[in-house]
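Visitor: I have a sequence and a model on my screen. Can you walk me through it, one question at a time?

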Amino acid sequence: MPDNIEYMYMGYAAMAIIMVAMIGWIYWRYRLAAREEQLVEQFEAEERAERAAAARATSRPAPDPGTETPAVVANSPLSEES
Amino acid sequence: MAYSPQRTRALQGLTVAAVVLFAIALYLALFWVGPERTQGEVQRVFYVHLGSFLGAFLSFTATVVAGIAYLRTRSSKWDTLGLASVEIGLGLSAITVITGMTWAKPIWNTWWTWDPRLTSVAIMWLAYAAYLMLRSGIEDPERQRRFAAVYGIIAFASVLFTIIIVRIRPDTIHPVVAGPTQADPTGSFDVTDRIRDTLFFNLFTFAVITAVLIWHRIRLENLVQRVSRRKMEVLAEL
């Protein structure tokens, strides 16, 4: 029987390397895509929060002229008392 | 797109089954079956060589099915199957070629020869590598999917050619495991019961491994496409 066991090892090692490369490539790209999705989600959440804050700021009621203006007028150098 | 828990469990179960089957297949090929009388230990490469070729054949068959289904329905899920099966098929046929080379060196006294079978398998590998290049060269998604579907169907001719050539060309030295041949191959051996059982188990194992790898690759592609869509939506809103 010929002695060629090293070629058998070589064949199985080549198979193992290609298999590991295939599985590793799928796994690595999956991790990368999942991380990217997380970043997009995070960005979307920040955007939503910013928009909500901006919407709250624009929908805040305008100051009542009858309550705030007299105080300013009273202390003003241009008021009638001065 | 959210997957149903049943499908995810099925994929997990199949993955575990593939790992267990692979471990048993390795045990059978490396320990249970004895070394072949005339070829010695290197003959054990044959189980992986043929198993990986079966896997590649199933993958490229899936590409044809996906191509036909895409052209009929225009559903992108078939395009995803086509892409996944080509990538997995390329990996498995690379295993076929490299294990064949390691067997050829002690048996044929050369790593590679331009034998009709070896040449046709090299053409097959290059034809499917060109599929990936074709996809990356087209930007319009609909056109990319259509061209890939058509090319995936046409490229299958190289697979059929690879299978048939050892049966019709008298000048090949590549052994034929099943079916008639007109050639006088170098490196044939008698198939004992143990060799046959180990071979069938390895073939089955590689079929399961192929299905699992394609399924995982499809999930990866779905995730990549989902992330890409969400990025486009975010950019459009800005």
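Guide: Start with the contact between the chains, which takes 28 residues from chain B and 24 residues from chain A. Two residues are in contact if their C-beta atoms, placed from the backbone, lie within 7 Å. This is a predicted model, where local features need pLDDT of at least 70, side-chain atom pairs count only at pLDDT 80 or more, and totals for chains, interfaces and linings use all residues. Residues are numbered from 1 along each chain as its sequence is written, while chains are lettered from A and ligands numbered from 1 in the order in which they are written.

Visitor: Which helix of chain B gives the most to the side that touches chain A?

Guide: Helices (H or I, at least four residues) and strands (E, at least two) are DSSP runs, numbered from the N terminus. Helix 2 (45–73), helix 3 (76–108) and helix 6 (193–237) of chain B each supply at least two residues of that side. The top contributor, with 10 residues, is helix 6 of chain B.

Visitor: How many residues on the side of chain B that touches chain A are nonpolar?

Guide: Ala, Val, Leu, Ile, Met, Phe, Trp, Tyr, Cys and Pro count as nonpolar, Asp, Glu, Lys and Arg as charged, and the others, Gly among them, as polar. On this side of chain B, six residues are polar and seven are charged. The nonpolar residues number 15.

Visitor: What pattern does chain B follow along the sequence?

Guide: Chain B has six helices and zero strands. Its C-alpha atoms fill a box of roughly 70 × 35 × 30 Å, taken along the principal axes. Read along the sequence, the pattern is α-α-α-α-α-α.

Visitor: Which residues of helix 1 of chain B are buried?

Guide: A residue is buried if 20 or more other C-beta atoms lie within 10 Å of its own, with C-beta atoms placed from the backbone. In chain B, 38% of the 238 residues are buried. Helix 2 and helix 6 of chain B are among what covers the buried residues of helix 1. Those buried residues are Ala25(B), Leu28(B) and Ala29(B).

Visitor: How is helix 2 of chain B oriented to helix 3 of chain B, roughly parallel or roughly antiparallel?

Guide: Axes are lines fitted to C-alpha atoms, for helices over the stretch in contact, and angles run from 0 to 180 degrees between N-to-C directions. The two helices of chain B pack at about 160 degrees, with axes 7 Å apart. Angles under 35 degrees count as roughly parallel, over 145 as roughly antiparallel, 65 to 115 as roughly perpendicular and the rest as oblique. Therefore helix 2 of chain B lies against helix 3 of chain B roughly antiparallel.

Visitor: Why is helix 3 of chain B oblique to helix 6 of chain B?

Guide: Their axes are 9 Å apart. Contacts include Leu81(B) and Ile88(B) in helix 3, and Leu213(B) and Ile218(B) in helix 6. Helix 3 of chain B counts as oblique to helix 6 of chain B because they pack at an angle of about 130 degrees.

Visitor: Which residues of helix 5 of chain B does helix 3 of chain B meet?

Guide: The axes of helix 3 and helix 5 (residues 141–168) of chain B come within 10 Å and cross at roughly 50 degrees. Helix 3 brings Ser76(B), Asp79(B), Gly82(B) and Val86(B). Helix 5 answers with Arg145(B), Ala148(B), Ala149(B) and Gly152(B).

Notes:
A residue is buried if 20 or more other C-beta atoms lie within 10 Å of its own, exposed if 12 or fewer, and partly exposed in between; C-beta atoms are placed from the backbone.
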